[in-house]
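Hello,

Here is the structure I said I would pass on.

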Amino acid sequence: MKKALKILGYFLLALLVIVACFAAYIQVAPFPTYEAKMPVFVVASDSAHIAEGRRIVLTKCGYCHRSPEGTLSGDLWGDDPMFGKIWAANLTHHPTAGIGNYTGGELAYLLRTGIKKDGKFAGPFMMFPTMTDEDLASVIAFLKSDAPEVQPSDWQKPPAQLTFLAKMWLKVLVKPSEYSDKPIVTPSPADSIAYGKYLTTSKWECSLCHSESFETYNHFEPEKSPGYLGGGNLVGKKNEKPVPSANLTPDKETGLGNWTLEQFSDAVRYGKRPDGRAMNHAMPPFAVLTDAEVSAIWQYLKTTPPLKNKVVQAENQ
């Protein structure tokens, strides 16, 4: 009996040492760096690509990177007790504070993989592995343009104040995406389901906020994410109360099963609920979406598996 207790004691001691070493690694070890391969990427400069890039960037990227002055110089992105304080990067032309020294290929690699030109990982929210080549070219065209939103700003984002959980997540659990040289082609709008899926999971990324959580979201195969489109992800606060995302599945009791296309369009583009109330600020109006885009997203959402997930707070706020 004494021998068994002694062995158990050694086992527990070893376990404590392992846990202590792991905790020390998470707290003090530097973040991993990666090889930054810079592909050749032809930067579009025509007005059509710049206009489409502006539409994408100011609607999608601007939600995090837009400053109070309206430029893309960055601002506080998140202040969460679970993850800490994180600031969005400066996307202006400033050569040191922003991305003024990035080539088109370096920007393409960053946006596809999440890896900066210095090898540091920008995190999973800064990689868009399934965005099509055409849309990626448009984004880079706008970022390289002379638009007022990207004119040089010397604002330097402060170092992130990460919690232990956030450090563990970024050092151990999430990894960059692979850069593929294979072309990624935009589905034809004539195929409304395929086109709607692309808009939902990649171009506008509705699925990122409207699935179970940011931490469990699958950026490479979004439809395999836990609680895909079922809502409940905490996306903001109102009156110090957490605001979860809505259920976008066609469940008739807790999702959009009883909605019409017109009601969905009003909600997405104008922030208007079916009962006439305004949507929460955590769901910004996507007024730039075209009729064809809204319709395609709606058609795709109707094909997704219904999930019974009543998001009470989203309805009460």
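With four residues, α2 gives the most to the lining of the largest cavity. Bear in mind that this is a predicted model.

The structure has two cavities of 30 Å³ or more. The largest holds about 120 Å³ of space. It is lined by 14 residues, and Cys-61, Leu-91, Leu-111, Met-126 and Leu-143 are the closest to its centre. Two or more lining residues come from each of α2 (47-65), α3 (104-113) and α4 (133-143). Sorted by class, this lining has 12 nonpolar residues, one polar and one charged.

The second largest cavity holds about 50 Å³ of space. Its lining consists of Met-127, Phe-128, Pro-129, Thr-130, Met-131, Thr-201, Ser-202, Glu-205, Tyr-217, His-219 and Pro-222. By class, that is six nonpolar, four polar and one charged residues.

His-219 sits in the loop between α7 (206-210) and β4 (234-238). Is His-219 buried or exposed? Its relative accessibility is 9%, and buried means under 20%, so His-219 counts as buried. Leaving aside residues up to four places away in sequence, His-219 touches Pro-124, Phe-125, Met-127, Pro-129, Thr-130, Glu-205 and Leu-208.

Regards

Conventions: Residues are numbered from 1 along each chain as its sequence is written. This is a predicted model: local features need pLDDT of at least 70, side-chain atom pairs count only at pLDDT 80 or more; totals for chains, interfaces and linings use all residues. Side-chain values use heavy atoms; hydrogens and water are left out. Buried means under 20% relative accessible area, exposed over 50%, partly exposed in between (1.4 Å probe, protein chains only). Contact means heavy atoms within 4.5 Å. On a 1 Å grid over the protein atoms alone, a cavity is a set of points where a 1.4 Å probe fits but cannot get out, and a pocket is an open set with protein on both sides within 12 Å along at least five of seven lines; lining residues have an atom within 4 Å of a point. Grid points are joined across faces, edges and corners, and a volume is the space filled by probe spheres set on the points. Ala, Val, Leu, Ile, Met, Phe, Trp, Tyr, Cys and Pro count as nonpolar, Asp, Glu, Lys and Arg as charged, and the others, Gly among them, as polar.
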